Amino acid sequence: MSKVSKQRKEALAKFDKSKSYSLNEAVNIVNRKANQMVRGSVTLPHGTGKVVRVLVLCNPDKAQEALDAGADYVGLDEYIQKIKDGWTDIDIVITTPNIMPKVGALGRILGPRGLMPNPKTGTVTMDVAKAVQEVKAGKIDFKVDKYGIIAAGVAKVSFSPEQIFDNAKELIQAVIKLKPAAAKGTYVKSIYISSTMSPGVQIDVKCPHRLHTQ
């Protein structure tokens, strides 16, 4: 007996195999996952507690602007070559729209590491100074994976409970605001919070008011 893959199990769970569907319904079933992509960014009130290393890939006319805003590395061709040679000691890559054709060649290196600039997260922009300042101040990107899970770091354990609460609440609210129009049924099924070494503690999503009180 052939083994059913996890992806096929997920696909089969979307519909009733004993029922006939209209063409429109069938198209919506097979296309549902793409329509429910959740991706965005949020600036955490208390930052992440981490030192964020920022690379700005730009032409010389934007270089000083990026440096003044606090970018750690600024340049173009020399850094593109360094990345091709294996250098990825950075946390965020910011670039301008006119440079994206060059940056696109780095997709196989930057993509799997979550470093590929994207207009949706504000890392492809002409206002590089603002982009640098935001990520230095605690802006993080998040997106749902193929299993419908969003994982993001919101604080360090050295933060106060109030700071962790504020940051976690900001992320949760940002995710809720991005609910796709095509999403049906329960949008947020579960929320867990944990430190790197601790087990996950489940948050009661049925009582949203608890996200707003201490």
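**Figure 1. How H3 and H7 cross.** The crossing of helices H3 and H7 is right-handed, a label used when the near helix is turned clockwise from the far one by less than a right angle, with left-handed for anticlockwise. This is a predicted model, where local features need pLDDT of at least 70, side-chain atom pairs count only at pLDDT 80 or more, and totals for chains, interfaces and linings use all residues. Residues are numbered from 1 along each chain as its sequence is written, and side-chain values use heavy atoms, with hydrogens and water left out. The two helices, H3 and H7, pack at about 25 degrees with axes 8 Å apart; axes are lines fitted to C-alpha atoms, for helices over the stretch in contact, and angles run from 0 to 180 degrees between N-to-C directions. H3 and H7 are therefore roughly parallel to each other (under 35 degrees; over 145 is roughly antiparallel, 65 to 115 roughly perpendicular, and the rest oblique).

**Figure 2. Who meets whom between H3 and H7.** From H3, Lys62, Glu65, Ala66 and Ala69 meet Val128, Ala129, Val132 and Gln133 of H7, contact being heavy atoms within 4.5 Å. Sort these residues by type and you get five nonpolar, one polar and two charged. For that sorting, Ala, Val, Leu, Ile, Met, Phe, Trp, Tyr, Cys and Pro count as nonpolar, Asp, Glu, Lys and Arg as charged, and the others, Gly among them, as polar.

**Figure 3. Inside the largest nonpolar core.** This core has 15 residues, and Val54, Val56, Ile94 and Val132 have the most contacts inside it. Elements giving two or more residues to the core are E2 (54–57), H3 (60–69), E4 and H7 (128–137), with H7 supplying the largest share, five residues. A nonpolar core here is a set of buried Ala, Val, Leu, Ile, Met, Phe, Trp, Tyr and Cys residues joined through side-chain atoms within 4.5 Å. Helices (H or I, at least four residues) and strands (E, at least two) are DSSP runs, numbered from the N terminus. Zoom in on Val56 and, neighbours within four places in sequence aside, you find contacts with Ala66, Ala71, Tyr73, Val74, Gly75, Ile94, Val128 and Val132. A second, separate core of 14 residues includes Tyr79, Val93, Leu110 and Leu115.

**Figure 4. Thr95 in strand E4.** Thr95 sits in E4 (residues 92–95) and is buried, at a relative accessible area of 0%. Buried means under 20%, exposed over 50%, and partly exposed in between (1.4 Å probe, protein chains only). Setting aside neighbours within four places in sequence, Thr95 contacts Leu57, Met100, Val103, Pro117, Thr123, Val124 and Thr125.

**Figure 5. Val38 in a loop.** Look for Val38 between helix H2 (23–35) and strand E1 (39–43). Val38 is buried too, with a relative accessible area of 5%. Residues up to four places away in sequence not counted, Val38 touches Phe142, Lys143, Val144, Ile150, Leu178, Pro180 and Tyr187. Gly148 is 110 residues away from Val38 along the chain, yet their C-alpha atoms are separated by 8.9 Å.

**Figure 6. Ile109 in helix H6.** Ile109 belongs to H6 (residues 107–110) and is partly exposed, at a relative accessible area of 22%. Beyond its neighbours within four places in sequence, Ile109 is in contact with Ile83, Lys84 and Thr88. Ile109 and Asp85 are 24 residues apart in sequence and 10.0 Å apart in space, C-alpha to C-alpha.
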